[in-house]
Amino acid sequence: MLQQYWLYLIYLLGSVFFIVGLKMLSGPKTARNGNFLAAAGMTLAILGTIFMHKNEEGESIGNYGWIFGGIAIGTVLGWISAKKVKMTAMPQMVSLFNGMGGACAALISLVEFGHLHGDTPPITMLTIVAGLVIGSVSFSGSIIAYAKLQEILKKTFKLPAQNIFTIILMASILGLSVYLSFGHPSSGLLYLIFALSLGYGILFVLPIGGADMPVVISLLNSFTGVAAAFGGFLYDNQVMLTGGILVGSAGTLLTILMCNAMNRSLTNVIFGSFGGGGATGGDTGATIGGTVKSSTPSDVAILMNYAQKVIVVPGYGLAVAQAQHVIHELEAILEKRGVEVKYAIHPVAGRMPGHMNVLLAESNVAYDKLVEMEEINDQFSTTDVVFVVGANDVVNPAARSNPASPIYGMPILNADKARTVIVSKRSMAAGYAGIDNELFYYPNCLMLFGDAKDSITKVVTELKGMD
């Protein structure tokens with residue numbers, strides 16, 4: 001009995017570590033330590049469960065060889081993956097790991113169903129089925145998101161009457177789940193629900209385009225948390241329940257914030273299929289006319305050298321080019337010459353929530369220089385030079401001025417209001433949303449074509465030559 005109390009104390013301590021760690025993740029300066037603290041809480045919970053948990057007969061878990069063998073394999077694979085992953089591939093790694101969490105929740109339900117007795121309460125059955133459904137949707141949906149981000153699936157796919165079909169499929173899953181929970185348990189029916197849930201997860205993510213992928217990743221993450229919480233209910237495991245609730249609620253809130261950042265509802269993201277990437281450019285409802293003005297690294301260096309204020313707008317192209325270190329070098333040179341430099345961060349820049357923050361933190365950019373959209377938008381009109389590096393849709397004025405544009409109404413960074421806008425881009429190709437950018441044709445916009453890292457390196461060289 002005393003051992004059980006110690007286990008409860010460990011679970012309580014692990015839960016506190018999770019909560020405090022999550023709180024620390026809200027600030028860039030404390031995020032690293034918060035991650036370590038939450039990991040420590042998970043380690044405590046795992047070791048406590050392995051060595052101190054007893055079943056109803058008072059027996060220990062046992063099978064230590066299999067358990068620690070699995071932990072060792074997972075630790076090695078996770079460590080290697082995290083060390084080797086490029087920043088451009090971070091979103092798909094997050095999707096893949098999140099999918100593994102959903103798969104675990106689904107497997108727990110499948111295994112525990114086989115341990116049920118004939119007098120199992122309906123609430124227990126409902127908990128098992130709910131964990132199976134949500135975990136399966138999270139797993140298959142995350143795998144499709146991974147394939148899209150990895151460009152294994154390069155085009156969106158949508159069935160005729162897709163929304164009607166998925167609604168019918170969802171209703172069928174819910175109906176079968178209720179029947180199984182309150183009717184007669186059947187392993188055949190359980191596996192049918194499992195298969196239908198996997199199919200729903202696939203069909204749920206397939207038609208959703210690249211521009212909405214940050215929202216999808218966040219939503220699927222919340223699904224995994226909810227599935228884990230059902231596992232906590234099933235095992236009467238407080239720390240598993242706490243962790244699942246934290247992940248589920250945080251993911252849900254983040255999803256809502258991401259939708260607000262795009263001025264769109266969650267239903268519109270799920271059923272609208274915006275940002276499919278299959279559009280060819282110019283699909284904004286009007287023909288974009290005007291002249292595109294190209295510039296050179298020398299031109300850019302001169303403009304920045306005599307500027308008083310420069311705002312950098314980072315995007316996915318910055319990550320692709322691995323230009324975060326050289327952009328920090330450019331910032332340091334400009335600041336030594338008395339130029340004020342800030343970074344404008346759009347909530348959905350990149351391929352996952354916080355992608356640009358993590359990318360720039362990797363190159364030791366000071367946290368106070370990363371300014372969110374709401375705080376920096378009013379500053380563009382008093383800025384001499386805005387340097388857009390690899391961003392596209394988040395600075396497209398069509399979102400503000402063209403009702404026919406698919407992104408109309410989405411809050412954007414007001415880069416076009418600056419005195420001069422310089423866009424570092426490989427070509428005039430459309431962004432991830434598959435539409436042209438009106439900004440490129442504005443009279444105050446200059447295009448710096450080429451690889452971002454190479455182009456910025458040349459700008460840095462030119463600036464150094466002006467000493």
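Helix 14 (residues 355-362) lies across strand 1, strand 2 (340-345) and strand 3. Its direction makes an angle of about 145° with strand 2. Contact here means heavy atoms within 4.5 Å. Axes are lines fitted to C-alpha atoms, for helices over the stretch in contact, with angles from 0 to 180 degrees between N-to-C directions. Helices (H or I, at least four residues) and strands (E, at least two) are DSSP runs, numbered from the N terminus.

This is a predicted model: local features need pLDDT of at least 70, side-chain atom pairs count only at pLDDT 80 or more, and totals for chains, interfaces and linings use all residues. Residues are numbered from 1 along each chain as its sequence is written, and side-chain values use heavy atoms, with hydrogens and water left out.

Six strands form an open sheet in the order 3-2-1-4-5-6, with parallel pairing. Strand 3 (370-372) and strand 6 (445-449) stand at the edges, each with a single partner strand, so one side of each has no neighbour in the sheet. The twist averages 25° from one strand to the next. Two strands pair if DSSP finds at least two bridges between them.

Strand 4 (residues 385-389) has five of its five residues buried, so the rest of the structure largely encloses it. Buried means under 20% relative accessible area (1.4 Å probe, protein chains only). V385, F387 and V389 point one way, V386 and V388 the other. Five bridges join strand 4 to strand 1 (residues 309-314), where P314 stands opposite V389. Five bridges also join strand 4 to strand 5 (residues 420-425). There V385 stands opposite T420, and V386 has V421 as its bridge partner.

Definitions and conventions:
Buried means under 20% relative accessible area, exposed over 50%, partly exposed in between (1.4 Å probe, protein chains only).
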